[in-house]
Amino acid sequence: MSGDGATEQAAEYVPEKVKKAEKKLEENPYDLDAWSILIREAQNQPIDKARKTYERLVAQFPSSGRFWKLYIEAEVNILFYFFLYRNCNIHYSDRKQIRNIDN
């Protein structure tokens with residue numbers, strides 16, 4: 001197994017709790033407990049991976065200001081880091097968070 005294969009496998013890993021939450025949402029798309037699990041997972045992901053979850057969330061609950069706020073904050077945070085990256089010398093670990101935007 002090469003290093004690249006291991007990286008791809010790690011990137012494809014989906015926690016069991018997320019799989020269970022997705023299954024619950026197939027049965028009931030309004031299950032707030034399941035959405036809470038997906039939101040927590042999205043908040044720990046880079047925005048390019050989390051965006052799909054946020055878009056699904058606001059599509060399911062279009063009048064929920066709370067959910068729109070979560071999505072907007074995630075987008076604004078990455079723009080804030082992008083601004084810092086472009087205009088300041090920030091720590092390397094922070095640059096990894098925004099690597100896909102800089103291209």
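Q: In the protein chain, what share of the contacts between residues at least 6 apart in sequence join residues at least 24 apart?
A: The model is a predicted one. Contacts in the protein chain are taken here between residues at least 6 apart in sequence. Those that join residues at least 24 apart come to 31%.

Q: How many helices and how many strands does the protein chain have?
A: From the N terminus on, the elements run α-α-α-α-α-α. The secondary structure therefore comes to zero strands and six helices.

Q: What percentage of the residues of the protein chain count as buried?
A: The protein chain has 103 residues. A residue counts as buried under 20% relative accessible area. The buried share is 25%.

Q: Are α2 and α3 parallel, antiparallel, perpendicular or oblique to each other?
A: Two packed helices are described by the angle between their axes and the distance between the axes. The axes of α2 and α3 come within 8 Å and cross at roughly 135°. Angles over 145 degrees count as roughly antiparallel, and 65 to 115 as roughly perpendicular. The pair α2 and α3 is therefore oblique.

Q: Is the crossing of α3 and α4 left-handed or right-handed?
A: The axes of α3 and α4 are 9 Å apart. The packing angle is about 145°. The crossing of this pair is left-handed.

Q: How many residues of the contact of α3 with α4 are charged?
A: In α3, the residues W35, L38, I39, A42 and Q43 take part. They meet A50, T53, Y54, R56, L57 and Q60 in α4. Seven residues of this contact are nonpolar and three polar. The charged count is one.

Q: Is the pair of Y30 and F61 stacked or edge-to-face?
A: Five aromatic pairs are counted in the model. In the pair of Y30 and F61, the ring centres are 5.8 Å apart and the planes stand at 80°. Planes over 60 degrees apart count as edge-to-face. So this pair is edge-to-face.

Q: How many residues apart in sequence are the parts that the pair of Y30 and F61 ties together?
A: Y30 lies in the loop between α2 (16-27) and α3 (32-43). F61 lies in the loop between α4 (47-60) and α5 (65-87). F61 counts as buried, at 14% relative accessibility. The parts tied together are 31 residues apart.

Q: Is the aromatic pair of Y54 and Y71 stacked or edge-to-face?
A: Y54 is in helix α4 and Y71 in helix α5, 17 residues apart. Y54 is buried at 3% relative accessibility, and Y71 is buried at 12%. Their rings are 5.5 Å centre to centre, with 5° between the planes. Y54 and Y71 are stacked.

Q: Which residues does F67 contact, leaving aside its neighbours within four places in sequence?
A: F67 is found in helix α5 and counts as buried at 6% relative accessibility. Its C-alpha atom is separated by 9.2 Å from that of I39, 28 residues apart along the chain. The contacts of F67 are L32, I39, L57, V58 and F61.

Q: Which residues do ring pairs link into a cluster?
A: F61 pairs with Y30. F67 also belongs to the cluster. The linked residues are Y30, W35, F61 and F67.

Terms used. Residues are numbered from 1 along each chain as its sequence is written. This is a predicted model: local features need pLDDT of at least 70, side-chain atom pairs count only at pLDDT 80 or more; totals for chains, interfaces and linings use all residues. Side-chain values use heavy atoms; hydrogens and water are left out. Rings of Phe, Tyr and Trp (its six-membered ring) pair if their centres lie within 6.5 Å; planes under 30 degrees apart count as stacked, over 60 as edge-to-face and the rest as tilted. Helices (H or I, at least four residues) and strands (E, at least two) are DSSP runs, numbered from the N terminus. Buried means under 20% relative accessible area, exposed over 50%, partly exposed in between (1.4 Å probe, protein chains only). Axes are lines fitted to C-alpha atoms, for helices over the stretch in contact, and angles run from 0 to 180 degrees between N-to-C directions. Angles under 35 degrees count as roughly parallel, over 145 as roughly antiparallel, 65 to 115 as roughly perpendicular and the rest as oblique. A crossing is left-handed if the near helix is turned anticlockwise from the far one by less than a right angle, and right-handed if clockwise. Contact means heavy atoms within 4.5 Å. Ala, Val, Leu, Ile, Met, Phe, Trp, Tyr, Cys and Pro count as nonpolar, Asp, Glu, Lys and Arg as charged, and the others, Gly among them, as polar.
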